[in-house]
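Below are my notes on this model, kept to a few residues. Please read them alongside the structure.

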Amino acid sequence: MRNIVLLGTALLALLAGPAASVQQVPGQPTDTTRTTGSANVFRLRTVVLDAGHGGKDRGCAGQSAREADVALKIVLELGRQIEENMPEVRVIYTRKTDEFVELADRAGIANKHNADLFISVHCNAGPTVARGTEVWTMGAHKTEANLATAKRENAVILQEDNYKERYAGFDPSSPQSHILFSLYQSAHIDNSLRFAAKVDHEFRTSVGRPSRGVKQAGFLVLWKSTMPSVLIEAGFLTNPAEERYLNDKANQSYMASGIYRAFRKYKQELEAGSAGN
């Protein structure tokens, strides 16, 4: 816990410095632009797609479907759609097979490739009546339910070696740990929320899925990423009807299509805003 307190102090100092100076200009992205020709014009060139869990970490499960498998199928289909329709965008995967990737390494892959966006796909667990999609960004949890979701996803680190040292003493069962880690991503929160809202809109409209909205909490898979990032909960495998939906190949394609349409609109909006300034 001492390490967490020290980390929290450093974070607050960081937020009071350069991060606090980041301000949104209407019509202009707050994140780093790419230089094209003689003008600074933002181009979304690289997206990292992350299928949650994998390998020894199966995630949550229903009667037959497992989170690691469903998330991977949605991610692979999403990547296929981006690659087919946007050849100018480089798609990087944190995993393309059933393998275990540590949480810190997932963000590390995005940072290594200088990604412009990080999308992590998961499935949810809860009471059998719980249903609907959720789209999450880093931020302070506002309800105990939000905290419970972050705790469940963050508990993956218990399967990693030396997780206390690697995550600066983070305790996945401690509310204080989640509060401190939620301070990360402040410089990218505007665009994270912008993309999250587009994904949520597509799920509710074009895909026709029940939505539980855009939410915020401290997710370890997002905290070290240095670009706009979201975590998508595609639905509840613990709900038999949702499990049947999510375990169907056609529906996995529909879910991927909704995320793809949100990605396309997000890319177009940022690039148009940048070009007009």
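1. At 4% relative accessibility, His-53 counts as buried, where buried means under 20% relative accessible area, exposed over 50% and partly exposed in between (1.4 Å probe, protein chains only). The model is predicted: local features need pLDDT of at least 70, side-chain atom pairs count only at pLDDT 80 or more, and totals for chains, interfaces and linings use all residues. Residues are numbered from 1 along each chain as its sequence is written, and side-chain values use heavy atoms, with hydrogens and water left out.

2. His-53 sits in the loop between strand E3 (46-51) and helix H2 (67-85). Helices (H or I, at least four residues) and strands (E, at least two) are DSSP runs, numbered from the N terminus. Although His-53 is not a glycine, its phi is positive, about 65°. Most residues other than glycine have a negative phi.

3. Asn-114, also not a glycine, has a positive phi near 50°. The loop that holds Asn-114 runs between helix H3 (103-112) and strand E5 (117-124). Asn-114 counts as exposed because its relative accessibility is 54%.

4. Lys-267 belongs to helix H10 (residues 249-275). Is this lysine buried or exposed? Lys-267 counts as buried, since its relative accessibility is 8%.

5. The side chains of Lys-267 and Glu-88 are joined by a polar contact of 3.3 Å. A polar contact is a pair of N or O atoms within 3.5 Å; within protein, one must be able to donate a hydrogen and the other to accept it, and residues adjacent in sequence count only if both atoms are side-chain atoms. Not counting residues up to four places away in sequence, Lys-267 touches Leu-44, Met-86, Glu-88 and Val-89 (contact means heavy atoms within 4.5 Å).
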